[in-house]
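Walk me through this protein structure.

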Amino acid sequence: MAKHRKHTSSTPYIRVAPSGVHGLGAFATRDLPAFALLGLYEGRRYSKEEIAAKAWDDQLTYLFTLSNHETIDGAKGGNGTRHLNHACDPNCEAVEEYDDAGRLVLKFQTIVPVEAGDELFIDYCLTADDGSPASKYPCHCGSANCRGTMLAPAEVDSAS
Ligand SMILES: [Zn+2]
């Protein structure tokens with residue numbers, strides 16, 4: 001099932017460097033307009049059943065679950081898109097799209113113009129399936145409208 005295919009960097013607009021917010025971050029390598037494609041979120045894919053059967057401990061950082069319940073683990077075979085940190089007032093977003101082969105992919109793009117050197121952020125909108133409190137996923141993004149957590153707004157409501 002594993003296919004080994006040579007794959008060069010598909011994220012030329014992303015440079016990975018220490019973040020001002022958390023760990024490593026992704027920074028724009030050049031000025032970009034709004035809705036510029038940064039790259040696809042790549043990595044090993046798991047089905048809903050495979051995810052449920054696996055003990056993830058605290059390695060949740062690079063997991064992205066799609067609307068078809070497949071999960072992409074950016075820690076395995078991922079690219080620079082996995083280093084985008086969360087912000088409650090982000091300058092980028094992740095958009096699902098079907099590729100030519102009919103596969104659901106996750107496209108990272110800017111939502112506002114960014115300048116070379118700007119750190120790139122998306123709103124993770126995490127969901128805590130295990131009912132973890134919002135405080136387990138604190139946000140320190142510093143935005144004026146910071147929710148204080150990386151969980152999706154609905155999760156914050158249900159947790160309070
Ligand atoms: Zn925040």
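F35 is exposed, because its relative accessible area is 54% and the threshold for that class is over 50%. The residue lies in the loop between β2 and β3 (37-40). Its backbone has a positive phi of about 65°, although F35 is not a glycine. Most residues other than glycine have a negative phi. H69 is another non-glycine residue with a positive phi, here about 75°. H69 sits in the loop between β5 (63-65) and β6 (71-73). With a relative accessible area of 42%, H69 is partly exposed.

All of this comes from a predicted model. The mean pLDDT of the protein is 87, and 87% of the residues score at least 70. Among the elements, strand β9 (residues 104-110) has the highest mean pLDDT, at 97. The lowest belongs to α2, with a mean of 59. Where pLDDT is low, the predicted coordinates should not be read in detail.

Next comes the metal site. Which residues coordinate the zinc ion? The donors are the SG atoms of C88, C139, C141 and C146, at 2.2 to 2.4 Å. The angles among the four donor atoms run from 102 to 113°. The site is therefore tetrahedral, since four donors count as such if all angles lie between 85 and 135 degrees. For four tetrahedral donors, the ideal angle is 109.5 degrees.

In sequence, the donor residues of the zinc ion follow the spacing C-x50-C-x1-C-x4-C. The pair C88 and C139 links distant parts of the chain, 51 residues apart. C88 is in the loop between β7 (85-86) and β8 (92-98). C139 is in the loop between β10 (119-122) and α2 (153-159). Both C88 and C139 are buried.

S143 also belongs to the loop between β10 and α2. Is S143 buried or exposed? S143 is buried, because its relative accessible area is 18% and the cut-off is under 20%. Leaving aside residues up to four places away in sequence, S143 touches C88 and D89. C88 is one of the zinc donors.

Now turn to the strands. Four of them form an open sheet, in the order β1-β2-β10-β7. The pairing in this sheet is mixed. Its edge strands are β1 (14-18) and β7, each of which pairs on one side only. Strands of a sheet pair through backbone hydrogen bonds, either parallel or antiparallel. Strand β2 (residues 24-28) and β10 pair in the antiparallel sense, over two bridges. A26 stands opposite L120 in β10.

F121 is also in strand β10. It is buried, with a relative accessible area of 14%. What does F121 touch, not counting residues up to four places away in sequence? The contacts are V21, L84, N85, H86, A87, P90, N91 and C92. For one of these, A87, the C-alpha atom is separated from that of F121 by 5.6 Å. Along the chain, F121 and A87 are 34 residues apart.

Charged pairs come last. Side chains of opposite charge can pair when their charged atoms come close. How many salt bridges does a search of the whole structure find? The search finds five. One of the salt bridges joins E70 and R45, with the closest N and O atoms 2.7 Å apart. This pair links distant parts of the chain, 25 residues apart. E70 is in the loop between β5 and β6, while R45 is in strand β4 (residues 44-46). H69 is found in that loop between β5 and β6 too. E70 is partly exposed, at 26% relative accessible area, whereas R45 is buried, at 18%.

D73 and K76 meet through their side chains in a salt bridge, at 3.3 Å from N to O. D73 is buried, with a relative accessible area of 2%. K76 is partly exposed, at 38% relative accessibility. D99 forms a salt bridge with R103, and here the closest N and O atoms are 3.6 Å apart. D99 is partly exposed, with a relative accessible area of 28%. R103 is partly exposed too, at 41%.

Note on methods: Residues are numbered from 1 along each chain as its sequence is written. This is a predicted model: local features need pLDDT of at least 70, side-chain atom pairs count only at pLDDT 80 or more; totals for chains, interfaces and linings use all residues. Side-chain values use heavy atoms; hydrogens and water are left out. Donors are N, O and S atoms within 2.8 Å of the metal (3.2 Å for Na, K and Ca); water is not among the atoms, so sites may look incomplete. Four donors count as tetrahedral if all angles lie between 85 and 135 degrees; four count as square planar and six as octahedral if opposite donors are over 155 degrees apart and all others between 65 and 115; anything else is irregular. Helices (H or I, at least four residues) and strands (E, at least two) are DSSP runs, numbered from the N terminus. Buried means under 20% relative accessible area, exposed over 50%, partly exposed in between (1.4 Å probe, protein chains only). Two strands pair if DSSP finds at least two bridges between them. Contact means heavy atoms within 4.5 Å. pLDDT is the predictor's confidence in each residue, from 0 to 100. A salt bridge is a side-chain nitrogen of Lys or Arg within 4 Å of a carboxyl oxygen of Asp or Glu.
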